[in-house]
Each structure stands twice: as structure tokens, then as C-alpha cells.
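Dear colleague,

Please find the structure below, together with its sequence. My notes on it follow, and I would be glad if you could read them with the model open beside you.

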Amino acid sequence: MACIEAQGLRKTFGATVALDNLDLKVDEGRILGLIGPNGAGKTTALNAILGLTPYDGRLNVLGRNPWTDRDQLMRDVCFMADVAVLPRWLKVSQALEYVAGIHPRFDRAKAEGFLSRTNIRHSHKVRELSKGMVTQLHLALIMAIDARLLVLDEPTLGLDILFRKQFYDSLLNDYFDRSRTILVTTHQVEEVQHVLTDLMFIDRGRIVFSCNMDDFESRYFEVTVRPEQLAAARALKPMQERQVFGRSVLLFSGIDRAQLAPLGEVRTPSIADLFVAVIEQQNANAAQGATR
Amino acid sequence: MNTQSTAIPESRIASQVSASVAPDPMRLLFWSVRRELWENRALYIAPLAVAVLFLAGFLVSLVRYPAKMRAIQALAPMQQRDAIAQPYEFAAMLMMGVLFVIAIFYSIDAFQGERRDRSILFWKSMPVSDLTTVLSKAAIPIVVVPALTFVFTIAMQWIMLMFSSLVLLTSGISPSTLWTQLQWIPMSFMLLYHLVTGHMLWYAPIYCWLLLVSAWARRAAILWAFVPMMAIGVIEKLVFNTSYFGGFVENRVAGGADIVESSVRGLAQLSPMTHITPGRFLENPGLWGGLLFGGLFLAAAARIRRYRGPM
């Protein structure tokens, strides 16, 4: 069953097109990374999915229209925005009481369990917590909600390395269970690479690339080519070629690993490298289209 | 809340569908109001501070109370009542004034605050509708503030009455004049009536207007709330040389009283059975028109909040 289904999703701010007839389908039980440069429309897309912004086109999240049914949708959806948004006056004990009072699917004991592993005390106010601790508190609240979709918009922005590592570890170990869906956007692509099951690139309001991580690993290879093999490697039409420490690194799509192995050292590319290659290709195609 | 999932542990999907029951709307409203009280502690701390300050002054002034009471006992009964009731009325007015100002500032900031500190994103991540949020915020000035005014005033008046009696007794004067002339129970009833009719029902559209402006304006809500009113008044004066609009606003802010009660000479003087005019109040089209507009303002505020994100 599709968790999120969007068709022709469109949103403009004045003359700026934030979402340009975006089509999207996310199945239940996936961990999808939505990757894109600043201003690509990531946050706008998430806001539309969460019922925070109106849009044109068709959008269905867990069988509901997010714009008209936000409050009902939020019984099954949790989200964490890019920076900590917990009000600074809120006490930890009040946060627990409030969510327990409001949310029909909140398990307070579970949240207390998560908090007991941190340095956060019930008497603390949000303003007294460090940025990492606020995120831990928010995550404790969210992970104790039995939601079907969790949306994370730059969840680790501004956190130190230790917290970032812990964040994804607890998300995978304590939260994700194959029946939930997680949608995450981030610039820290290297830390989500091993977390994701699916990957989408968004640029200028459109999905420009989409694949699941199994395909990603069997389809895309990065080869540090030995100089004498360079001509042979180029003949295989790499997506992209770049120089690293004076050696050519070529990115291939859909070419068998066995065929690439003689050319040099073969490995799975990072999401960031593939992203750059995809966007460059897009731009090249667009330029070609313009000159034609 | 885990009943479904323990009953059918194998079938998560089934449990999710059946667990998706709507939370009780009153429960959502209750917790939303509660969180407003957590956030806005000034609602009770400020009047408490003013009350303590006033009571301290009052207690000091009790040094002269036995002498004053002797002088009062020489007056005619009607003047006795005025003189005795005066500090108690002042206490009530003080609480009304302080809490009215707090309610105004609360309403102006109610929807701006959550956008300024971005917490609107957290509140909107909870299964609470915009309408419930608007109603919970409207409940603060319209229900909670009059209730707090009543409780604080009654508590202050009791403390004043007890200490005054104690001071009189220790100076060998009977507090009977104080107790018979003050008519504490009718006075409390009048206070309650005044708060319900004036501060709750008659002022409600003012608060609803401020809440609407707070939800709508991107900044400087206080200007948007008051400047258009003044502008309309000024333009009306210049164009038509009339001041109906100014009169209308003045009637809303100050005018409820003459409809609520036949003659306002202070709460204590009024005998509730003869002076209050609830019939006249309930027949007044201004009351119902005001409440209708108040309702429309709140509906508009709920609609606008749906579009609003952090500033």
C-alpha cells in the first residue's frame, strides 16, 4: 500500500516554482531519503505532505488529504522540522504530560525509557537544554508515538558527530520495524547512506532520480581507473569523470562489475557523488535542449 | 492505549486501523487550555504580585482603622456603607484592571508568539485542529481571566475582611458595623454577575478581534489591532463629520455596564435583586451582534492559522 502518493504536485511562491508537477510514490515500510540542493523544493514537498502548506495537484498521505485533514493525519504521522521547535518555556515533564494527554498513540513509559538513557531530567526546561538534548527530547517523544509515517527534515542539523551517530542508531534499532515509513531529508548524505532503503533526488521542484538502495548498489559503480585503461574505460560511456589526486575517477551506470574490475579499483559511489553526477547530467541535457 | 495491540499482536495493520479512533474533542481542548496556562504564567503571577502589594499596603493602613471606624460609626448608614466598602471595591477594580490588561496582551500575542519561536511546527505536529487551538486560546481571556479575577478578588476581600475584623477586635471595637454594612455575599454575587455579563460576554468580541489580528498579522499585531479602528473614526469624522464608529467602539469598551446594571454606583451599593437588569442585557442586540462577530472572528482565525508557519 502506498503511504504517500502525489501526482502533479505544484506550488509556487510568486514567480518562483517550488514544486513543478512533482510525482511521488512512497510505499509503506520504506526509509526514503529525499536529497536535493538548497531551494530544490525539499521542505516545500514535506510541508505539503504534512498539511502545512496548500498546493495544487493531487496528494494522498495514508489515505488522507493532508491540507484539509491535518489534525486527523497527525494521529498517524510524526514530524521533526529542521531545527528544534520545542517551545523554550516547556518543561520536560510538561512535554510528556501534554503529548500523553493529546496523542492517542503515545506510550509515556516508552518515552520515559528513552529519556532515562540521556542526561535530561523531568524538571529541565527546554531553554536549559543543549541543542543535542532538545533533539533527544523531541526524538524520545516521537519514538514513543506509534505512528505509521515519520518525517524528518534535516533532523541532525547543528548536532555534533556523537549525537548524529546516536540519532540514526536509535532510529533504526528502536523505531523502525518494516511497517513504518520514514521520510528524511538531509545534507549529511554520507550518514544516511547505510540507513536508507530508497533514494530520491529532487531538483528545481522535480524528482530527477529515484531508485532503491539494492539497485543503487548493483547498478552504480565508481572506478579509480588505471591510466593505461583510461581510453577503454571512457569507451564504456561513464556518467561522469573527475580527477582525484591526479587520477581519473569514473562513475558508471548499468555496467557489470566484472566488466569494470580490470579497469581499476571498483566501489559503490557515495550518494553525494552520484547526486552531483545526476545533476550535472540534467544540466547538460537542459543546455543541449536549449541550444537545439 | 495498547489494548488493541495486545489483543491482536500479530496483525499490526489491523490494530492500526482500529486504533485510529478520534481523541475526545473535549480532552484535546482541555490539554490545549492547560498548555496555555503553562506558557502564560503571567496570567496568575502578575495579579498575585499586585494583590500581595495591595494587601501589604492595606495591612499597613489598618493601623489607623480603629480610629477610622469610630468616625464611620458616627455617619448615616448610607455613608457608612460607602466608606466601608470603598477599599473592597478598589481591590475588585484593581484585579479587573490588571487582568484586563493581561488579557489584551495575551490575545495580541497568542498566535504571533508560536510563529515567532517556531513552536507552531511542534503544535501542528500534534493531532489538534486549528479550531481547537483557536478555541483554547479564546478560552483564556473569555473564561479563564474572568474566573481568575473572581477568585483573586474574593480571596483578597476575605483577607481584608479578616484582618480588619482582627484589628477592630484587638482595639475593643465590635466588627458588627463592618460585617452588616459590607454585605459581602451580595457584593460577591454582584462581582460574579458583572464579570459574566461584562468581562465575559460583552468583551468577548474584543478578544476575538485581537486573536484574529494576532493570527493574521505578520508583525506589529498591536498596530493592526488598533490603528484601523482609529483610522475609521478619523475618516468618518473628516468625511461625514460624525462619530458613530467612535461611539460604537467606546460603547463596546466601556458601555456594557449601563445595560448590565441600572445604575452603577459601585458594586457594593447595589442590591442584586433590584439593580441588576439581566433581562435588558439579554435583550440587547449589541450583545448578540457582538457574540456573532466574535464567532466569525474566531472562525476566520482558525482558517488563517492553517496557512501560517514560522515567521
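In chain B, what percentage of the contacts with a separation of 6 or more is accounted for by residues 24 or more positions apart? The value is 81%, where two residues are in contact if their C-beta atoms, placed from the backbone, lie within 7 Å.

Before the rest, some conventions: this is a predicted model, in which local features need pLDDT of at least 70 and side-chain atom pairs count only at pLDDT 80 or more, while totals for chains, interfaces and linings use all residues. Residues are numbered from 1 along each chain as its sequence is written, and chains are lettered from A and ligands numbered from 1 in the order in which they are written.

Chain B contains 17 helices and zero strands (helices, H or I with at least four residues, and strands, E with at least two, are DSSP runs numbered from the N terminus). Of its 311 residues, 32% count as buried, that is, they have 20 or more other C-beta atoms within 10 Å of their own, whereas 12 or fewer makes a residue exposed and a count in between partly exposed, with C-beta atoms placed from the backbone. Helix H12 (residues 221–240) and helix H13 (residues 244–254) of chain B pack at an angle of about 145°, with their axes 7 Å apart; axes are lines fitted to C-alpha atoms, for helices over the stretch in contact, and angles run from 0 to 180 degrees between N-to-C directions. H12(B) contributes Met229(B), Ile232(B), Gly233(B) and Glu236(B) to this contact, and H13(B) contributes Tyr244(B), Phe245(B), Gly246(B) and Val249(B). By class, these residues are five nonpolar, two polar and one charged (Ala, Val, Leu, Ile, Met, Phe, Trp, Tyr, Cys and Pro count as nonpolar, Asp, Glu, Lys and Arg as charged, and the others, Gly among them, as polar).

The contact between the chains takes 26 residues from chain A and 26 residues from chain B. On the side of chain A, helix H2 (70–73), strand E5 (77–80) and helix H3 (92–102) each supply at least two residues, and H3(A) gives the most, with four. That side of chain A divides into 13 nonpolar, five polar and eight charged residues.

Eight bridges join strand E1 (residues 2–13) of chain A to E2(A), and the bridge partner of Ile4(A) in E2(A) is Val26(A).

Finally, chain A is divided into domain 1 (2–204) and domain 2 (215–291), with bounds that come from an automatic or database domain assignment. Their centres, taken over C-alpha atoms, are separated by 33 Å, and seven residues of domain 1 are in contact with eight residues of domain 2.

With best regards

How values were computed. Two strands pair if DSSP finds at least two bridges between them.
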